[in-house]
Amino acid sequence: MNIKFQNIHLILWLLLFINASNIFAQADSISVDSANVKPQLRFDPSQSDTLLFYFREYEKEIGKGEIASNLLVIKNYKSITIDFTISIGSPAKWKSLYNSSREYSLEPEDSIFIPVRLVPNRLLNANIRYAVNALLKSTDGSLAYNTTFFGTTKKAIKWEVTPLDGNRIYFKNNETEKDFAVNVLNTGNFDQKILMDVNSSQGDAILSDTNNSILKGKPAELFLKPNEDTTLNYKVKLTRQIRNFRTVSIVNHKPFSALEERRYSVFVNSHEANGDPIGRTSRGTKIDFIKLANERKYNPYSGPTLPLIVQANAQNLLSNSVFMSVNMRGIKRFEDNSSLRYFSQMNYSSLFYNGQQVNNLPWYVGYFTKKYEIQAGQVNGGGIGAQSTGKGLRADYYITPLMKFGGFYLRNPRLFGPLSSETFGINYEWEYLESRKLFFNASRNINIGTRINSNVLSARTNIRVLKKHNLSLIGAFSNRDNRASGTSVIQNGFLAGVNYSSQFLDNDLRTNLTANYNSRYFSGASNERILINHRTSYIISEAWQVFMVNNYLENHRYPNDVNSSQAPSLSYNYFNRLVFTKSTQSGGTIQPGLFYDVVYFFNNNLHTRGLVFRYNNYDFAKNTLFSLGTRTGYGRSYTYPELGEFFIFELTTLSRYRTFTLNTRYLYGPNSSSSLITAVETGTTPQTLRLALQNQYLFKNTKYLLQTSANYTFNNRFNNHTFNIIPDLYYFTPSGWRFNVNINYGVSSNNFRAATESLNFLRPAPTEETGPTIYHTFNIGAGVRKEFGIPIPFVEQSTLDVSFVAFYDENGNKKKDRDETVIENVIIKLDDYEIITNERGVATFLNVPFGKHAALIVPLDDIVSGWFPDLPDSIDITKKGDFLIPFTRGIKIFGNVSIDREELAADADQPFDLSNIKITATNGKEYKTLTGFDGSFELYVPNGTYTLTLDENLVNDRFQIAQNNFKVELSNDLESIYVSFMIIEKRRKVNVKKFRSKY
């Protein structure tokens, strides 16, 4: 429909152009003095002369509440006088201010300009062109001319979202709630409907409105006229004190302390209410709520160290087969943005040292800089086809920031000692455009076990076609020497793959297709493999979407020995889903759909098809979640056609309430190849049930945490019931140690003998009834975790602990006397790190490097008027101790602004308003105040040299300042200083004339 309309529109414009060309060919003497003029002319065919008739502006923008106005230009090139009237045609209900009954007379070679004004009744809230026509008719009816101009409304969709308290809001000590407000201003030119929501990604903060109603994810609807604004008020409440409302991180948990630093981000998002979800205008901002600590580490460790995280776990402590693993890892970042990364894990399963603890030790060390990278240990060569992981070395060098070249060498099973295989090669990577890369690899693999040596060349790249079409290409060629049969056989193979993704229909339709194929003799394996994956999604409406997923995998496995008569094994699977997704008002989703799956494995052919359904709902404020998924339908096995059509059913659920989580899964019928074999061998319908419950409980003393897991499993094949419960108790220390001990108790009941009796035809019938066998297990485990700083030897200590003390220095001696009041809630910023003073006025940085550091003091509480922190902008830390922050009373600058009036002024005897004149004291920082009605002012500033300035912008051409920019020096021996500004009203020049009498 749009294409047809565009074609008609194009034809009309072409005809208009041809017509206008002919007109200008006959009237080439007409001059048009405006670049925006596009005349529309009509000729009387019987006349050789003509009339010029057009609107001055062919297209004119009309703003909200404005009058649509234009100028009609008429010039008579005829040889006769023209008498005419003009009619104006405009959109319905527009009011014309033009008198259409008026008659005009225009002499030859004369011109007339007629203003046309219209009052729009209603401008639509969109980008629209309105046609306004003018018709000229001669009074005798012999002539008729028309012309048109377009009034356009260009909708400027703009608004501003501004946090009134700034983007960083600090909590005071012991403060857990904070009010904040967000202002929304419509800066567009039309009425705007806006949807705005406020949310937090952190689980430790709850957002509510001023009525303490928790925000539930439903956006607020705003309707704002141009230049209209509104303010929305909210409250954020920290819930870290609400134990067991949300789970805490086992890795990052620290015993709760009011001194602990926390940062919370609140995201304010807004978008057009009626806009397309893709491409619609949106505005947003982030507000950081910061709860500072009274003590924090500037550096994690007290000197040059290598960070190291050590975690050890032991299992089966009371059994004969104790197992323990020790995991160690760390990252060291240097000032030049380089980094050192390292990892190792030691496993112990024997009481005696036998060499295996070291021989099979996984380890890794990598050093990364802007120019090169060196890696050793468990590394990845990055190749395709050849074995690319193992113990070895890898090095890469950056030729440019976007181009690097490197090589690698890998050995298995370990870097030193007996060898089963080795791989070596080179890599090349080039980012030739933004997000567009070319990767090349050449490698050789020698496999002693399979007796196959392979050479592989591979490349991959991604390109973009016509902006919306993305292609990723991969290709590889291999040449191998196969000696599995005892003689050398040269075999060639290849791999080819492509990934295509794009978006259509204004990005509502999205598709992704991946296809890979490798031949039988590619690389060292003997597998021929086909992989095809497809996904297409379409946005039906704002609430509904649909997507289709198709996955196909086919694998032919051949024996390595070319002389082997063994047939290749074939396996394949084909999975298909068509699913509709609907968003619910509560923030959840409903997903009904269809499925059709085909699985062929170990000569078992299974086809299943039916319905799928999934439901999800999550309430962030209550921390509840419920998810349900079902798959139900019928299956058929072409391997066992005697089974006919059989029913299959699968149900999975996930439920969470605060710190309780329950998982369930129930399977009925032959859902897989293995369960199909069970159904055939036992003659029973397979059923499996699994329940898993987990709870985390944080004690009132938050150093202790108990995490308990329990699960139950039932399998009807062996009438098997299994139950396990694992309570795990953690202890966290303020210094970073974490200890835990766990108990694993399990009980299992099965009747394996009865279930398999019918399968053993050689076994005689049982002489007595078989019963279930019950097993009990009981194990104890323990673990410990700690982050260390391993000192680097032969390097001197280079950090100190520094405390800051804020107080009112009432006697001005810059010392903290016993009777002087300390100041709480003072933010101390040292470089990029912040802390806040406690109730004793103290805040401490640990492990601060020697040298100069930028310092900034910001009190959160209202400081007594006229008191200022006396601390330089940078401090030099060279010794351990306290830095005093004396708040000293500033020196009072006061004075007045007076005015010298003109004597001849009519109001010279009346009081003159001298209020709201800005006075500024500047010495790198600015201190400002405003004058009163009589011109008086006062302000307090710290010691220093200042320039005192009266704002000249408030003085117009009628006045002038006698003197400005006073230099004043303030020191402790002064209590105040008085400064006076003089404004002079400019004198008028008076001419006095004398008149003489005639008499």
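I am working on a predicted model, where local features need pLDDT of at least 70, side-chain atom pairs count only at pLDDT 80 or more, and totals for chains, interfaces and linings use all residues. Residues are numbered from 1 along each chain as its sequence is written, and side-chain values use heavy atoms, with hydrogens and water left out.

**Entry 1, nonpolar patch.** I looked for nonpolar residues on the surface. L317, L318, V322, F723, I725, I743, Y745 and F778 form a patch there, with about 660 Å² of accessible area together. For patches I took residues with over 30% relative accessible area and no salt bridge, joining nonpolar side chains (Val, Leu, Ile, Met, Phe, Trp, Tyr) within 5 Å and like charges within 9 Å. Areas come from the Shrake-Rupley method with a 1.4 Å probe; for residues, only the protein chains shown count as cover. β43 (720-732) and β44 (738-750) each supply at least two residues of this patch. Strands are DSSP runs of E, at least two residues; helices are runs of H or I, at least four; both are numbered from the N terminus. F778 sits in strand β45 (residues 773-791). Its relative accessibility is 47%, so F778 counts as partly exposed. My classes are buried under 20% relative accessible area, exposed over 50%, and partly exposed in between (1.4 Å probe, protein chains only).

I then checked charge. D83, E103, E107, D110 and D140 gather in a negative patch on the surface. Asp and Glu count as negative, Lys and Arg as positive; His and the chain ends are not counted. I placed each charge at CG of Asp, CD of Glu, NZ of Lys or CZ of Arg. D83 belongs to strand β4 (residues 82-89). D83 is partly exposed because its relative accessible area is 38%.

Buried or exposed? W159 has 2% relative accessibility, so I filed it as buried. W159 lies in strand β10 (residues 159-163). I listed its contacts (heavy atoms within 4.5 Å).

Which residues of α3 (residues 673-682) are buried? I found S673, S675, L676, T678 and A679. Their cover includes β36 (589-601), β37 (604-619), β38 (624-637) and β39 (646-657). Just after α3, G683 has a positive phi of about 75°.

I counted 25 in the structure. The criterion is a side-chain nitrogen of Lys or Arg within 4 Å of a carboxyl oxygen of Asp or Glu. E373 and K404 form one at 3.8 Å, N to O. This pair links distant parts of the chain: E373 is in strand β24 and K404 in strand β26 (residues 403-412), 31 residues apart. E373 is buried at 12% relative accessible area, and K404 is buried at 14%. K437 and E429 meet at 3.7 Å, N to O. K437 is partly exposed at 39%, as is E429 at 23%. R785 and E787 also pair at 3.7 Å, N to O. R785 is buried at 6%, whereas E787 is partly exposed at 38%. Shared partners join R168, E261, R263, R296 and E834 into one network.
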